[in-house]
There are 2 protein chains.
Amino acid sequence: MNDLKATRPGGRSARIQQSVHNTVRNLIETQGRESLNVPLIAQAAGVTPSTIYRRWGDLAQLLSDVALERMQPDAAPVSTGSLRGDLEVWIEGYIEEMTSDVGRTILRDILSSPKIENADACANYMRQQFDIMLERAAERGEEVPSSDALINHLFAPIVYRLLFASSPPNLAFARELIDEMMVTGKSCEPSNS
Amino acid sequence: MNDLKATRPGGRSARIQQSVHNTVRNLIETQGRESLNVPLIAQAAGVTPSTIYRRWGDLAQLLSDVALERMQPDAAPVSTGSLRGDLEVWIEGYIEEMTSDVGRTILRDILSSPKIENADACANYMRQQFDIMLERAAERGEEVPSSDALINHLFAPIVYRLLFASSPPNLAFARELIDEMMVTGKSCEPSNS
DNA sequence: CCCTTAAAGCAAATTATTAGCTTTAATTCC
DNA sequence: GGAATTAAAGCTAATAATTTGCTTTAAGGG
């Protein structure tokens with residue numbers, strides 16, 4: 001289910017990865033993210049600190065991995081019968097989840113790893129969700145924008161504000177972006193080839 | 001020039017802040033950002049480590065401050081006689097600067113502070129640049145989009161890809177966004193009130 | 001089953017960070 | 001202008017985090 005490309009993924013390694021990930025999530029819940037450090041996590045997870053340092057390198061990388069796991073969709077987007085409806089429901093859920101301090105921290109944690117892999121994986125998760133909605137709409141015969149258009153003009157502005165704005169994006173903002181989206185720029189979008 | 005809201009900004013404090021900031025920039029140039037740590041910076045800057053810990057809290061905050069300083073525009077955008085031209089030149093410069101590994105790291109560093117202030121300040125710098133271009137265009141009598149529209153549909157997609165895409169945005173991508181921008185959605189944009 | 005080896009445990013050495021106290025120098029108040 | 005005041009830096013000792021070398025465990029392959 002996860003990025004277990006480890007050379008020896010059987011049993012113990014996977015067990016420890018799970019244990020550490022779960023421990024981090026629990027500690028974030030109970031103690032808050034600010035107070036986390038490697039020795040604390042190690043003790044709570046019942047492993048030795050050097051295990052964490054050797055597998056993840058540092059706290060930032062571990063938090064990034066845990067945050068990425070949280071961004072992985074657990075289901076296909078709710079189907080409402082129209083692209084517009086699908087987008088509204090999905091974006092509503094996304095904004096609800098991500099405008100909290102916890103949510104914004106998740107995004108930052110993903111980006112705080114020096115490796116770009118996690119950020120890229122996160123973007124791909126989101127794109128997949130959009131693609132499902134677009135494919136459904138296309139099957140219904142709706143005239144649909146490209147997934148690039150969706151990302152450029154709907155998703156990117158929301159993420160930009162989540163990351164950079166002192167006041168997070170709200171539902172009204174998202175709905176206006178959807179409105180524009182459904183009127184203009186259905187296709188012929190840049191694909192950054 | 002900077003966020004010197006310190007209660008005692010005279011002489012020494014400012015000197016030390018400058019010295020530390022300069023040292024960080026130099027060390028990033030010469031040693032690379034990965035190898036940086038607080039004791040190293042302190043020694044190179046000729047201060048004691050506890051000074052850095054007390055003023056900045058930790059390395060992430062210091063790097064965030066230095067990165068923010070780099071994002072501060074040193075001049076008004078080049079004036080070309082048209083909004084489109086201004087945008088093209090400015091975005092071209094921005095992309096050239098930010099698509100390098102160093103550039104992308106600057107953005108991430110700004111976001112890696114737990115305080116959102118620096119990210120907000122960064123967004124404001126950029127908005128000011130756009131506002132200058134828009135005001136010029138309005139004075140010339142051009143029909144102009146809102147700065148929100150510019151941020152949502154031109155700048156946000158570029159930043160999104162800088163942060164999340166394994167392959168960074170290129171000039172062609174930016175030009176296509178500008179093209180769309182100049183044709184559709186001149187006004188009535190969401191302002192996230 | 002045994003052999004090989006990736007990954008975990010353990011402990012010592014190193015390095016980073018914090019905290020208490022002293023000193024310096026910027027600001028304030030005569 | 002010259003003390004008095006105090007924010008911020010320096011210094012050092014204590015504490016905590018990280019790295020490293022070696023040992024042990026257990027997964028994967030003959």
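The following dialogue explains how to read several features of a predicted two-chain model.

Q: How many helices and strands does chain A have?
A: Helices (H or I, at least four residues) and strands (E, at least two) are DSSP runs, numbered from the N terminus. Chain A has 9 helices and 0 strands, giving the pattern α-α-α-α-α-α-α-α-α along the sequence.

Q: What share of chain A counts as buried?
A: Buried means under 20% relative accessible area, exposed over 50%, and partly exposed in between, with a 1.4 Å probe and protein chains only. By this rule 45% of the 193 residues of chain A are buried.

Q: Which residues have the most contacts inside the largest nonpolar core?
A: A nonpolar core is a set of buried Ala, Val, Leu, Ile, Met, Phe, Trp, Tyr and Cys residues joined through side-chain atoms within 4.5 Å. The largest such core has 82 residues, and those with the most contacts inside it are Tyr94, Ile158 and Phe164 of chain A and Tyr94, Ile158 and Phe164 of chain B.

Q: Which residues does Ile158(A) touch?
A: Contact means heavy atoms within 4.5 Å. Leaving out residues up to four places away in sequence, Ile158(A) touches Ile91(A), Tyr94(A), Ile95(A), Pro169(A), Phe173(A), Ala174(A) and Leu177(A). For chain A, 68% of the contacts between residues at least 6 apart in sequence join residues at least 24 apart.

Q: What area is buried between chain A and chain B?
A: Buried area is the accessible area (1.4 Å probe) that two parts lose on being put together, summed over both. Between chain A and chain B this is about 3,600 Å², of which carbon and sulfur atoms give 54%. The contact takes 42 residues from chain A and 42 residues from chain B.

Q: How many salt bridges cross the interface of chain A and chain B?
A: Side chains of opposite charge can pair when their charged atoms come close. The rule for a salt bridge is a side-chain nitrogen of Lys or Arg within 4 Å of a carboxyl oxygen of Asp or Glu. It finds 2 across this interface. Arg161(A) and Asp148(B) meet in a salt bridge at 2.9 Å, N to O. Arg161(A) is buried at 7% relative accessibility, and Asp148(B) is buried at 12%.

Q: Which elements give two or more residues to the side of chain A that touches chain B?
A: They are helices H6 (101–111), H7 (117–139), H8 (147–164) and H9 (171–183) of chain A. H8(A) provides the largest share, 12 residues.

Q: Where do the partners of the salt bridge between Arg25(A) and Glu69(A) lie?
A: The closest N and O atoms of Arg25(A) and Glu69(A) are 2.6 Å apart. Arg25(A) lies in helix H1 (residues 12–31) of chain A and Glu69(A) in helix H4 (residues 59–71) of chain A, so the pair ties together parts that are 44 residues apart in sequence. Arg25(A) is partly exposed at 26% relative accessible area, while Glu69(A) is buried at 18%.

Terms used. Residues numbered from 1 in each chain as written. Chains lettered and ligands numbered in written order. Predicted model: local features only at pLDDT ≥ 70, side-chain atom pairs only at ≥ 80, totals over all residues. Heavy atoms only, no water.
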